[in-house]
Amino acid sequence: MTADRSESSRSNRTTRRAFMRNAGTAAAAWTVGTGLAARPAQGRVLGANDRINFAMIGCGGEGNALLSMVKILKDQGVNVEIVAVCDIYRPRLEKTAERYKAKAYSSHKELLADSSIDVVGIATPDHIHGYQIIDAIRAGKDIYCEKPVTHWRQFELTKRLFREVSKSDRVFQLGSQYMSDSAWSQARRMIQEGQIGQPVHAEVSFFRVGDWGERGMPIDDPDAQPGPDLDWQAFLGDSPKREFDVSRFFRWRMYWDYAGGPATDLYPHCLSQVIHMLGVKMPSLVVGTGGKLRYEEREVPDTCNILAEYPEKMSVSMVGTQANDYPGARPRPPACSPIIRGWEATLTFENEEIVLTPVQGTKKEGKRVKIERPFDHVRHMKNLLDCCRTREKPEYPVDLAYYTQTPIQMGILSLREGKVAKFDPTAEKIVL
Ligand SMILES: NC(=O)c1ccc[n+]([C@@H]2O[C@H](COP(=O)([O-])OP(=O)(O)OC[C@H]3O[C@@H](n4cnc5c(N)ncnc54)[C@H](O)[C@@H]3O)[C@@H](O)[C@H]2O)c1
C-alpha cells in the first residue's frame, strides 16, 4: 500500500474548523479511557520490499529529532516514508507537516484510523504516552514510544499496557537509544556465565548542572490560548483538570502533574541496562529521597536518589542531582553508565570496553572485553524498523519498559509520601 502524495499535499493543512472538531473529539475521548475498540485491528504484514509508512505523534523537540532519524535512514536507503504527523498545538503541527510534506492530524485517534500508516512514533509529554500506546496497539500499529513509558502516578496503566502490548502481535520499542549499545547484552552473557560470581549490587548515577530540561524549555508563544490552535484538554489527559497555564503547556517538565524530575526523565536511560543485565523483574522494596536542593522555580525535585531491593538478593542504587556535575560525563554514554558488582568481580564500562575487575582475594583474572557495537541514536530507530519487517523483539521491548518504570514510580511515590514503597507480587501492586 502506498501513500497518495497528492492527497497528502491536499490535507497538509488542517482547517481551523477541522482542528476544533478534532480537538473536541480528543477531549471527549480522554474521559472514557482510550475510546478505541479493545480488539486490536490487524496491522499490515510488511513484505521485504514494502515501504514502511511512518507517522509521528508529538511534534516538539524529540518528535522532530526522531523524524530526522527516520529521514537519515531513508536517505541511507531504508524503505521508509514519513507520511503523517500529529500535534495538538497547531503551529508545531503545521511546521512539521510542511517540513516532511506529511498529512497533518490534530487528534492522534484520527491519525491512528489512517490505514496507510504502519508505524507510529510517540513523543508527547510523559503522562500521555500510555494511552496513546494502547490506542496504537488497538489500531494495529507498530510503535516507537519515547521514554518514560508512562508517568510516575500511572502504575496501573503501565501494567495494563504491558499486558495489551504483550498479547498483541505488534512490535514495540521504547525510545531510550542507549539500549542500542551491545555492551549490555554482552555483559548480561558474562554475568550469566558466572564471570562476576553472584551479582549483588548495581549502581547508576546521573550528575549535571542546570534546569534546562525543565525551566529551560522554550515557550513558543507567551500569548498562546486554548481554542482553535491549542487543545488544552487533550494535553491534560488524565491529569488534574486545571485552567490553562502557558508555562504548564510549554514547560510541562517543571510540574508533578506531567513529569517527575531527573528520576523519571533520566533514570529510564540507565536503569533499563541494569535490569537487562541482571535479569530481574520487580523489586521487593524501594526508597526514594531528594527534593529541590538548588532550583526553586519548579515543582519537581532537582535531586533524587532511589534505592531498590530485589528478591534475588540484589540492591540497585540510582543517585543524582542537577546541582553538581562531578564526575562529568562518564567515559562513555549514557552519562549514568552502570557499575555491576558481584561476589567475585565488578563490571564497569569504559569507552569501547567492558572492564572486569576481580574482587580482592578471589581467583578471577581481570580482563577487558571489546564492545562489539557501541551506542548509536539512529540505530535504535533502525532496530525498530528492522523488527517491523522481521517481527522480532526489539532492543527495548515492553517487558523491559515495565520492569524499569515500576521501581522509578515506586521511588517517586516513596519520596513524595515519605514512606517505603513495597511491591506485592501476588496482587501485582505497589503498597505504601
Ligand atoms: N530519548 C531521549 O533522549 C529523549 C530526549 C528528549 C525527550 N524525550 C521524551 O520525549 C517526550 C517529548 O519530549 P519533548 O522534549 O519533545 O517535549 P515537547 O514539549 O517539546 O513536545 C511534546 C509535544 O507533544 C504535543 N502534545 C501534547 N499533548 C499531546 C496530545 N495529547 N496529542 C498529540 N500531541 C500532544 C505538544 O503540543 C508538543 O508539541 C517526553 O516524554 C520526553 O521524555 C526523550
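1. Ala, Val, Leu, Ile, Met, Phe, Trp, Tyr, Cys and Pro count as nonpolar here, Asp, Glu, Lys and Arg count as charged, and the others, Gly among them, count as polar. With that in hand, the lining of the largest pocket splits into 24 nonpolar, 14 polar and 12 charged residues. Keep in mind that this is a predicted model.

2. Now for the pocket itself. The space in the largest pocket comes to about 1,200 Å³, and 50 residues line it. If you want to find its centre on screen, look for Gly 61, Glu 62, Met 217, Trp 252 and Arg 253, the lining residues nearest to that point.

3. Which element gives the most to this lining? That's α4, with 5 residues. Several other elements supply at least two residues each, including α2 (16–30), β7 (199–207), α9 (232–236), α10 (246–250) and α11 (262–266). Helices α3 and α6 are on that list too, and you'll meet both again below.

4. Where does the ligand sit? You'll find it in the largest pocket. The elements giving two or more residues to the shell around the ligand are α3 (61–75) and α6 (126–138). Of these, α6 gives the most, with 4 residues.

5. Who are the ligand's neighbours? There are 30 residues around the ligand, and the closest are Glu 62, Asp 87, Asp 126, Glu 146 and Trp 252. Sorted by class, this shell has 13 nonpolar, 9 polar and 8 charged residues.

6. Glu 62 has a backbone N or O atom 2.7 Å from an oxygen atom of the ligand. Gln 132 uses its side chain instead, with a polar atom there lying 3.3 Å from a ligand nitrogen atom. Over at Ala 234, a polar backbone atom is 3.2 Å from a nitrogen atom of the ligand. As for cover, the ligand has 850 Å² of accessible area on its own, and the protein covers 90% of that.

7. Most residues other than glycine have a negative phi, and most peptide bonds are trans. Lys 101, in the loop between α4 (90–100) and β3 (103–105), has a positive phi near 50 degrees. Lys 147 and Pro 148 are joined by a cis peptide bond, with omega about -10 degrees. You can find Pro 148 in the loop between β5 (142–146) and α7 (155–167).

Note on methods:
Residues numbered from 1 in each chain as written. Predicted model: local features only at pLDDT ≥ 70, side-chain atom pairs only at ≥ 80, totals over all residues. Heavy atoms only, no water. Near = heavy atom within 4 Å. Polar contact = N/O pair within 3.5 Å; in protein donor to acceptor, adjacent residues only side chain to side chain. Areas by Shrake-Rupley, 256 points an atom, 1.4 Å probe, with all protein chains shown as cover. 1 Å grid on protein atoms, 1.4 Å probe; cavity = no way out; pocket = protein on both sides within 12 Å on 5 of 7 lines; lining within 4 Å. Sits in = over half its atoms within 2 Å of the grid points. Points joined across faces, edges and corners; volume = space filled by probe spheres on them.
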